[in-house]
Amino acid sequence: WRTSAKSWFSKTAIFGDGADLGVPLDFFVMDPRGYAHLLKRKVAGSVLRASVNTEDEIVIDDPRVRLNSKITKVVWDPEGEKDVVIFYCQTRKRNYFDYPCADDTRTMVKAKDFISTFSYGVLKKSMELEQSQVQNKFDLAPEFVPPLSSVESLRTKIQKSDMGSLAKIFLQFTCKFWEDDVETFFLPYSKDGHQCDYMPLGYSLDGGNTTLQGSHILALAAALPRAAEIAGLAEDPNKIHEQVLPLLNHHFREDITRKCGGRTSLTADDVL
C-alpha cells in the first residue's frame with residue numbers, strides 16, 4: 001500500500017493521519033504480458049491469422065497488418081481520383097507513450113482506398129507543423145501531401161473540432177451507502193461556473209452485474225472542460241476530496257462519506 005491511493009489519502013486533512021479506513025481491498029491487477037497480449041488474444045484466429053504457440057506467446061502472421069509501425073507520410077488526392085501512397089517506419093519503444101521510428105528506413109504502400117483513423121489531436125498536430133513550417137524530423141505527426149491546410153473545408157473542420165475529454169475518479173469506502181440494484185447515478189450539481197455538470201455521472205462497481213461485489217467502489221465521471229480541471233488535480237488529493245465529498249453528501253446523506261471513510265484515485269494514476 002505504500003504507493004496506493006490509500007497511503008496518501010490517510011495523511012490528508014479530511015480524515016487525519018492514521019485514519020481507520022477498514023480492511024485493505026486491493027484490486028490492482030498486473031499482467032507482465034501487457035495490453036498487447038489481450039488484443040492479440042482477442043483477434044487471433046477470428047479476425048487475423050495468428051498462431052497461439054503457448055498461453056504466453058501469440059504470433060500474428062497476417063500480411064494485412066503492419067505491427068510496430070507508424071505512418072510518417074501520406075500522399076493523397078483531394079479529388080479522390082489517384083491512388084494513395086503511404087510511407088511508414090518500424091518503431092521502437094522508448095516508454096509507454098513514445099514509439100519513435102527505429103531508423104531512417106521508410107516503407108511505401110500504395111492503395112486505391114484509404115480510411116484515416118487518425119485522431120483530431122494527430123491531425124491538428126500535422127496542420128500545426130504545416131503552418132509553422134518547422135521541420136518534422138522526429139515524425140511527431142504524419143506529413144500530408146498536399147497539406148491538410150490547403151483544403152479549406154478540411155482545414156476549417158479540423159480547426160473547429162476538439163478532442164473529447166473524460167475524467168474518472170474512483171472512490172473506495174469502508175461501507176456502502178447506495179443500493180445494490182442501482183448501477184448508475186445522475187448527480188446534477190452546480191458550482192464554480194458549472195451548471196449541473198460539476199460531476200454529473202456516477203456508477204457503482206459494487207452490486208448488480210458488476211465483478212467487484214463487496215469492493216465499496218463508486219466511480220464518478222465528468223467530460224470536456226470539467227474533465228481537464230479534474231485531471232489537473234492528480235497531484236493534489238486534498239482538492240479532489242474538497243470537491244467530491246460535498247457533492248456525495250449533497251446527493252446521499254449529510255456526512256455519509258465521512259462516516260464511511262474512503263480513498264480516492266484518478267484514472268490518470270489509478271491504483272484501485
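## A sheet, a helix and a cavity

An open sheet of four strands runs in the order 5-4-3-6, and its pairing is mixed.

User: Is this an experimental or a predicted structure, and which strands stand at the edges of that sheet?

Analyst: This is a predicted model. In the sheet with the order 5-4-3-6, strand 5 (107-111) and strand 6 (143-145) stand at the edges, and each has a single partner strand, so one side of each is left without a neighbour in the sheet. From one strand to the next, the twist averages 30°.

User: How do strand 3 and strand 4 pair?

Analyst: Strand 3, residues 69-75, and strand 4, residues 84-90, pair in the antiparallel sense over six bridges, and Ser69 stands opposite Gln90 in strand 4.

User: Switching to helix 5, which of its residues are buried?

Analyst: In helix 5, which covers residues 224-231, the buried residues are Arg226, Ala227 and Ile230. They cover an arc of only 105° around the axis, which puts them on the same side of helix 5. On the other side of helix 5, Leu224 and Pro225 are exposed.

User: And how many cavities of 30 Å³ or more are there?

Analyst: The structure holds one cavity of 30 Å³ or more, and the volume of the largest cavity is about 30 Å³.

User: What lines the largest cavity?

Analyst: The residues that line the largest cavity are Ile169, Met199, Arg226, Ile230, Leu233, Ile240, Gln243 and Val244; by class, six are nonpolar, one is polar and one is charged.

User: Which helix gives the most to that lining?

Analyst: Helix 6 gives the most, with three residues, while helix 5 and helix 6 (237-251) each supply at least two residues of the lining.

Definitions and conventions: Residues numbered from 1 in each chain as written. Predicted model: local features only at pLDDT ≥ 70, side-chain atom pairs only at ≥ 80, totals over all residues. Heavy atoms only, no water. Buried < 20%, exposed > 50% of the residue type's maximum accessible area, 1.4 Å probe, protein only. Arc of directions from axis to C-beta. 1 Å grid on protein atoms, 1.4 Å probe; cavity = no way out; pocket = protein on both sides within 12 Å on 5 of 7 lines; lining within 4 Å. Points joined across faces, edges and corners; volume = space filled by probe spheres on them. Nonpolar A, V, L, I, M, F, W, Y, C, P; charged D, E, K, R; others polar. Pairing = 2+ DSSP bridges. Axes fitted to C-alpha atoms, helices over the stretch in contact; angles between N-to-C directions.
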